[in-house]
Amino acid sequence: MIDLLFGNINLYLIVIISLGVFYGMITAALPGITITTSMAILLPFTFYMDSLASFALLLGVFTGGMSGGAISAILINIPGNPAAILTNKTGYKFTLIGKAHYALGLAQIASVIGCFLGWIILFFVSLELSKFAIKFGAVEQCTLVFAGLCLVALMTEGSPLKAYISLFFGLSLSTVGLDPISATPRFDYGKVYLQAGISFIPIMIGMFALPCILDNLFKKQNEILLNVSTGIKSCLVGYLEALKQIFLRSKINTIISSCIGIIIGAIPGTGSIIAATISYNVAERIEKSNNQNQIDSQLVIAPEASNSSMTGGALIPTLTLGIPGDGITAVLLGALMIHGLTPGPLFITSNAEMYFGILGVFLIGIIILAIQSVLLLPFFMQAIRIPNRYLMPLIFVFCVLGTFALRNSIMDIWVMLIFGFLAFFMIRNGFPILPLLLALILGDIFEQQFRMSLIISLGDPFIFFKKPISQAILAILFLFLIYKLFMKFKDNFAKN
Amino acid sequence: MIRFKNKESLIFKLFTLSYIIIYLNTSLKLGYNSAAEGYGPGIFPIIISLCFFFLFLFSCILKNKKKETLNADQELKKNDYAKFFSIIIFPLFFINFLGIYIYLAIVLCYFNFKYSISFKVSLVFTTIVLFSIFFLSKLIKLSLPIGIF
C-alpha cells in the first residue's frame with residue numbers, strides 16, 4: 001500500500017506540492033482573491049505538466065488555501081476566503097488583546113489536523129465506494145450526474161430557482177459542438193471554433209477570476225495596516241501555546257469539527273462556509289467553560305478544522321463518482337479532464353495508480369502545510385500588506401496569458417472575457433455561477449449516458465425508475481428536496 | 001438607484017429570453033431518430049431548452065412578488081463601464097494588428113492609472129518581460145516536467 005501511495009513521489013513532485021501549498025496559502029491570505037480564483041488562474045499552466053504533477057500542484061493550492069484564509073481573518077479583520085468568515089469572528093479578538101500569534105497557531109494546527117483526518121476518511125471511504133461504483137451502468141451514471149447537478153443547484157446559497165436557471169444555461173452550453181453519440185454537429189452556426197465545443201477552461205478562468213478583478217477595480221480600497229510582530233520567535237511561542245491548547249483541552253472539538261467538515265464536504269454543493277458555520281455553532285453549544293479565552297479558542301479551532309477537513313470530504317464524490325462538490329473540486333476535475341482522464345464511477349478502478357498517487361501527494365501536501373505554516377508564517381504575515389491594486393493587474397495578465405497559452409487562440413480570450421462579464425452580472429443579479437460551470441463540465445457525460453440509457457431501453461424514458469441503484473439515488477435526491485422545502489417553510493414560518 | 005437595478009435586470013432577462021428562443025429554435029431543427037435508436041441528437045437540447053424556458057418563466061412570475069433593491073456601493077458608474085469597455089474590449093478587435101504584448105501593455109497601463117508615467121512604463125515593461133520569460137517561453141514549458149530534477 002505504501003508503495004502505491006508514495007511510489008510516484010519524487011523530488012520534482014515534492015517541489016511542485018510545496019509551491020502549490022505556498023501559492024495557496026499566500027493567495028488565500030490576500031483578501032479579495034478566493035482559492036477558486038487562484039486555482040482557476042493556475043489551471044492553464046498545468047497543461048504543460050504530467051497529470052499527477054498538475055493534480056499535486058492544484059491539491060497543494062487547495063490544502064494551503066483552506067488554512068491561509070485564517071491569516072488575514074485573524075490579523076486584519078478581513079477573511080481571506082469565505083470559509084474564514086467564522087474564524088474572523090473570534091480570531092480578531094485575540095489580535096486586539098495582543099495574542100495574534102496564539103490565534104494563528106490555533107488556526108494553523110487545527111487546519112493541519114482537519115486535513116489529516118479528511119485524508120484518512122478519504123482513503124478508507126473512497127476505496128469502498130469505488131468497489132460499489134463498478135456496478136454503475138449508463139442508467140445509474142446518468143441518474144448520478146443528474147442528482148449531483150440538482151443537489152449542487154439545490155444546496156447553493158441563494159435562490160434555488162436562479163441556481164437551476166444557471167444550471168440549464170450550463171447544460172445548454174455543453175451541447176455546443178459534436179453530439180457525443182452520433183458526432184452530428186450542433187449549434188456551431190458554421191464556425192470552426194464552435195465545432196469542437198466550448199472549452200470549459202477559458203470559461204472557468206473568466207467566471208472565477210474576472211468578477212473578482214472587476215469587483216476590486218470598481219470598489220475603493222483601504223490600505224492594510226498591521227501592527228503585529230512578524231518575528232519567527234513570537235510565532236513559535238504562539239504555536240507552542242496553541243499546540244498545548246489543542247492537545248490538552250480541545251481534542252474532542254477538533255475531532256467533531258473535522259468530522260462535520262468531512263460529512264458536509266462530501267455532499268455536493270454545500271461548500272466550506274456551511275461546514276464552518278455548523279461546526280462553529282456545534283462548538284458554541286458544546287463548550288461549557290466559563291473562561292472566555294477557552295470559548296474563543298474553541299471557536300477559532302472549530303471552523304478551521306472543519307473547512308480544512310472538508311478538502312478530504314469534497315474529494316470523495318469527486319474521485320469516486322465524478323461529481324465535484326464545489327468550485328474548487330470543479331477546477332480539480334477540470335485538471336483531470338485536461339489530461340484525458342475521465343472522471344466518474346470507474347475512475348479509481350481504471351486509474352488505480354493515478355488515484356493512489358493523488359492520495360500520496362495529498363498526504364505530502366498536508367505534511368508540507370504543517371511545515372510551511374510554522375516556518376513561513378512571518379512571511380505570509382508580511383505578504384498580506386500587499387494592496388490589491390498591485391495584484392489585480394497581475395491576475396488579469398495571468399488570465400489573458402493563461403487562456404492564450406492553452407491553444408494560442410484569441411477566441412479563447414474572447415470567451416474568457418465574455419463569460420467573465422457574464423459572471424459579474426450573474427452574481428450581481430443573484431445567479432450562482434457554480435451550477436453553470438458544473439453543468440458545463442458534466443454536461444457531456446450526462447448527455448452521453450442519457451442517450452445510451454435511451455438506446456439500451458429502446459426509447460423507454462422510465463428506465464431511470466426501474467433500476468434499483470438509480471431508484472435509490474432518486475430517492476436520496478427527493479429526500480433532500482423535501483428537507484430543503486421543509487427548511488424554507490420553517491424559515492418563512494419563523495419570519496411571520 | 002433602484003431604477004438602474006431594474007434596468008439591469010430587465011436587460012438580463014431579455015438576454016436570457018433571446019438566448020432561450022435561439023437555442024430552442026436551433027434544437028428543433030436538429031435531426032431525430034426513432035425511439036429504438038434513442039431519439040437522436042435533438043432530444044437532449046430540446047429537453048434542456050424546455051426546462052430552461054419554464055424555469056425562466058417561473059422566475060419572472062415569482063420575481064414580481066419580491067422587490068429587489070441594490071446597495072449604494074453595488075451601483076456601477078456608467079463612466080467606469082465606458083472606460084473599462086473601451087480599454088479592455090475595444091483593443092481586442094485589433095489584436096491581430098496590435099499583438100498580445102501591446103494589448104497587455106494597454107491593459108496594465110489602465111489598471112495602474114494611479115502612478116506616474118515613468119513608473120507605469122517601467123512596471124508594464126517589467127511585468128511583460130517577466131511573464132514572457134516565465135510563462136510563454138517554450139524552454140521553461142519543456143524543461144519543467146522532466147528536465148530540472
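**Exercise 1. Is A:Gly327 buried or exposed, and what does A:Gly327 touch?**

Step 1: Check the accessibility. A:Gly327 has a relative accessible area of 8%, and buried means under 20%, exposed over 50% and partly exposed in between (1.4 Å probe, protein chains only). That makes A:Gly327 buried.

Step 2: A:Gly327 lies in helix H15 of chain A; helices here are DSSP runs (H or I, at least four residues), strands are runs of E (at least two), and both are numbered from the N terminus.

Step 3: Look for partners. Leaving out residues up to four places away in sequence, A:Gly327 touches A:Thr36, A:Phe208 and A:Leu434, where contact means heavy atoms within 4.5 Å.

Step 4: A:Asn291 is 36 residues from A:Gly327 along the chain, and their C-alpha atoms are separated by 39 Å.

A quick word on the model: it is predicted, so local features need pLDDT of at least 70 and side-chain atom pairs count only at pLDDT 80 or more, while totals for chains, interfaces and linings use all residues. Residues are numbered from 1 along each chain as its sequence is written, chains are lettered from A and ligands numbered from 1 in the order in which they are written, and side-chain values use heavy atoms, with hydrogens and water left out.

**Exercise 2. Work out how H4(A) and H15(A) pack.**

Step 1: Get the geometry. Helix H4 (residues 51-75) and helix H15 (residues 327-338) of chain A pack at an angle of about 170 degrees, and their axes are 10 Å apart. Axes are lines fitted to C-alpha atoms, for helices over the stretch in contact, and angles run from 0 to 180 degrees between N-to-C directions.

Step 2: Find the contact. H4(A) brings residues including A:Phe55, A:Leu58 and A:Phe62, and H15(A) brings residues including A:Ile328, A:Val331 and A:Leu332.

Step 3: Sort the residues. The contact holds 10 nonpolar residues, one polar and no charged. Ala, Val, Leu, Ile, Met, Phe, Trp, Tyr, Cys and Pro count as nonpolar, Asp, Glu, Lys and Arg as charged, and the others, Gly among them, as polar.

**Exercise 3. Trace some salt bridges.**

Step 1: Start with the total. The whole structure has six salt bridges over all chains, each being a side-chain nitrogen of Lys or Arg within 4 Å of a carboxyl oxygen of Asp or Glu.

Step 2: Take A:Glu447 and A:Arg186, which meet at 2.6 Å, N to O. A:Glu447 sits in helix H21 (residues 434-456) and A:Arg186 in strand E2 of chain A, 261 residues apart. Both A:Glu447 and A:Arg186 are buried.

Step 3: Widen the view. A:Asp179, A:Arg186, A:Glu447 and A:Arg451 are linked in a network of salt bridges.

Step 4: Turn to A:Asp460 and A:Lys466, whose side chains meet at 2.5 Å, N to O. A:Lys466 is exposed, at 53% relative accessible area.

**Exercise 4. Where do A:Ala183 and A:Tyr189 lie?**

Step 1: Most residues other than glycine have a negative phi.

Step 2: Check A:Ala183. Its phi is positive, about 55 degrees, and A:Ala183 lies in the loop between strands E1 (177-178) and E2 (185-186) of chain A.

Step 3: Check A:Tyr189. Phi is near 50 degrees here, in the loop between E2 and helix H9 (192-195) of chain A.
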